[in-house]
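Open your viewer and keep the selection tool at hand. We will go from one stop to the next, and at each stop you will hear what to select and what is there.

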Amino acid sequence: MGIILNEQTITLLLIMLLSASTLLLIALFIVYVRLLAKVEKMRQDYAKKEEGYLRDLTSLRKGLEKQSIEILKESQDVARKLIQKAQLMTKDYETKTEELLNSAIKLIDQRFQESLLSIENKVTEAMDLMPAQFEKNLNQEMQAIRIRLVEEVSKAQEASEKAFNEVYSSVENDLDKYKKTRIADFEKRLAQILQIIARNVLKKEISLADHEKDVIKAIEEAKSQNVI
Amino acid sequence: MSFKIFDEVRTVDDALKIEGELLLLKDSIYKKKGLTFLETLQNKVSKSIYDFIVFSCKNDLSNYDLIISQIEEIIAQLKKIPVVIVKIGFEPTYSQIIKISNFLSQTVGEKVLIDILFDPQIISGAEIIKDGKYYDGTTNKEFYDALLAQTKTVPREGDFLIGRLK
């Protein structure tokens, strides 16, 4: 049983195929549009969520900042209190130390006074017990020391006077020597000047003729001495 | 004739001047530039030298060999004249120099050149020096002796060098 395909059939088949295809396309388009709508909705949802997250984050940050400031303030308060406490402790410590020291000094002073008093008493007792002869000897010794001291002072005075006089006389001698030397130099120089003046005056007083005669005389003498 | 030149030479300075003129004359014979021999003879030397050259070459002024030998002979003779140094304390006149020079040559017994040196330290008289020998013929010693008799201060030897020009 074979199926005979004529033109009508083919046309019908083609029409049917075309219709089916068209329907398929429409269906696909609808699916696409729905999908787009869904995607858009999802995007909007996401945007809303994002906005919410951001809002949450901002509020969270502000909260944190607030908390930080509070913590900082608390810390400052604690620190201030600690410092105050420490200062109070130091003052207290200083006060206590001072008190301790004062009491220690007082104690030492007391002990010292006691000791001094005791020594004084003992010395007084010893002095009371010292024989009269010993006291006399002591006085004599003291007197001798005083005299010796006076002598030493006198000797030192004399020695310094002597040294001064020696230096003075030495300087005086040096001065005398210097004066003598200078006077001798002056006299010598004066003599030289006198000689120069006298010589020049004499030279001027001698005439050219006399000079010539003296030269002639010198030549004669040189001849007689076999110099020429 | 050459003796006329020697008559004019009394001092060392005179001898040096004559020698200089003779050397100039001799050089002019060799030189091709500058003054000729004849120009030098006529203008640059003294009359005594001129006369001597003219006489010695017997008017033949082109006889250079003879002229050169004569010049050299005169210079050699000038250098042979003994020199006597006379140190004096005054500045003599030219006539005094002639007198002293003549007397010196006469006393020595030969021609001598006198070299007069001025020494302001010398009062009068002269110091005579010849061939290394020295004679003090000044009156300085007498003067200082007389002065010393008046002053007790004895001057040092070097004191008399004050103001010396030497």
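How many aromatic pairs does the structure hold over all chains? The structure holds three of them, where rings of Phe, Tyr and Trp (its six-membered ring) pair if their centres lie within 6.5 Å.

Before the first stop, some notes on the ground rules. This is a predicted model, in which local features need pLDDT of at least 70 and side-chain atom pairs count only at pLDDT 80 or more, while totals for chains, interfaces and linings use all residues. Residues are numbered from 1 along each chain as its sequence is written, chains are lettered from A and ligands numbered from 1 in the order in which they are written, and side-chain values use heavy atoms, with hydrogens and water left out.

**Stop 1: an aromatic pair in chain A**

Select A:Phe164 and A:Tyr168. Their rings form a stacked pair, 6.4 Å centre to centre with 20 degrees between the planes; planes under 30 degrees apart count as stacked, over 60 as edge-to-face and the rest as tilted. A:Phe164 and A:Tyr168 are four residues apart in helix α2 of chain A, so about one helical turn separates them. Helices here are DSSP runs (H or I, at least four residues), numbered from the N terminus.

Now colour by accessibility. A:Phe164 is exposed, with a relative accessible area of 56%, and A:Tyr168 is partly exposed at 49%. The cut-offs are under 20% for buried, over 50% for exposed, and partly exposed in between (1.4 Å probe, protein chains only).

**Stop 2: an aromatic pair in chain B**

Next, select B:Phe37 and B:Tyr64. This pair is edge-to-face, 5.6 Å centre to centre and with 75 degrees between the planes. The two residues link distant parts of the chain, 27 residues apart: B:Phe37 is in helix α3 (residues 37-43) of chain B and B:Tyr64 in helix α5 (residues 64-80) of chain B. B:Phe37 is buried, with a relative accessible area of 3%, whereas B:Tyr64 is partly exposed at 35%.

**Stop 3**

Switch to charged side chains.

- Select B:Lys17 and B:Glu21, whose side chains meet in a salt bridge (3.2 Å, N to O). Both are in helix α2 (residues 12-30) of chain B, four residues apart, so about one helical turn lies between them. B:Glu21 is buried, with a relative accessible area of 12%.
- Select B:Asp51 and B:Lys47, which form a salt bridge with the closest N and O atoms 2.9 Å apart. Both lie in helix α4 (residues 47-56) of chain B, four residues apart, about one turn of the helix. B:Asp51 is buried at 16% relative accessible area, whereas B:Lys47 counts as exposed at 60%.
- Select B:Asp145 and B:Lys141, another salt bridge (3.2 Å, N to O), in helix α7 (residues 140-150) of chain B. B:Asp145 is partly exposed at 38%, and B:Lys141 is exposed at 58%.

**Stop 4: a serine in helix α4 of chain B**

Stay in chain B and select B:Ser56, which is found in helix α4. Is B:Ser56 buried or exposed? At 13% relative accessibility, B:Ser56 counts as buried. A polar atom of its side chain lies 3.1 Å from the backbone oxygen of B:Ile53. Leaving out residues up to four places away in sequence, B:Ser56 touches B:Leu66 and B:Gln70, contact meaning heavy atoms within 4.5 Å.

**Stop 5: where the chains meet**

Finally, show both chains. Here 29 residues of chain A are in contact with 37 residues of chain B. The area buried between them is about 3,000 Å², of which carbon and sulfur atoms give 70%; buried area is the accessible area (1.4 Å probe) that two parts lose on being put together, summed over both. In chain A, select A:Gln195, A:Arg199 and A:Val227, which lose the most area to chain B, together 21% of what that side buries.

Which side chains meet in a salt bridge here? Select A:Glu212 and B:Lys99, which pair at 3.8 Å, N to O.

Technical notes
Salt bridge = Lys/Arg side-chain N within 4 Å of Asp/Glu carboxyl O. Polar contact = N/O pair within 3.5 Å; in protein donor to acceptor, adjacent residues only side chain to side chain.
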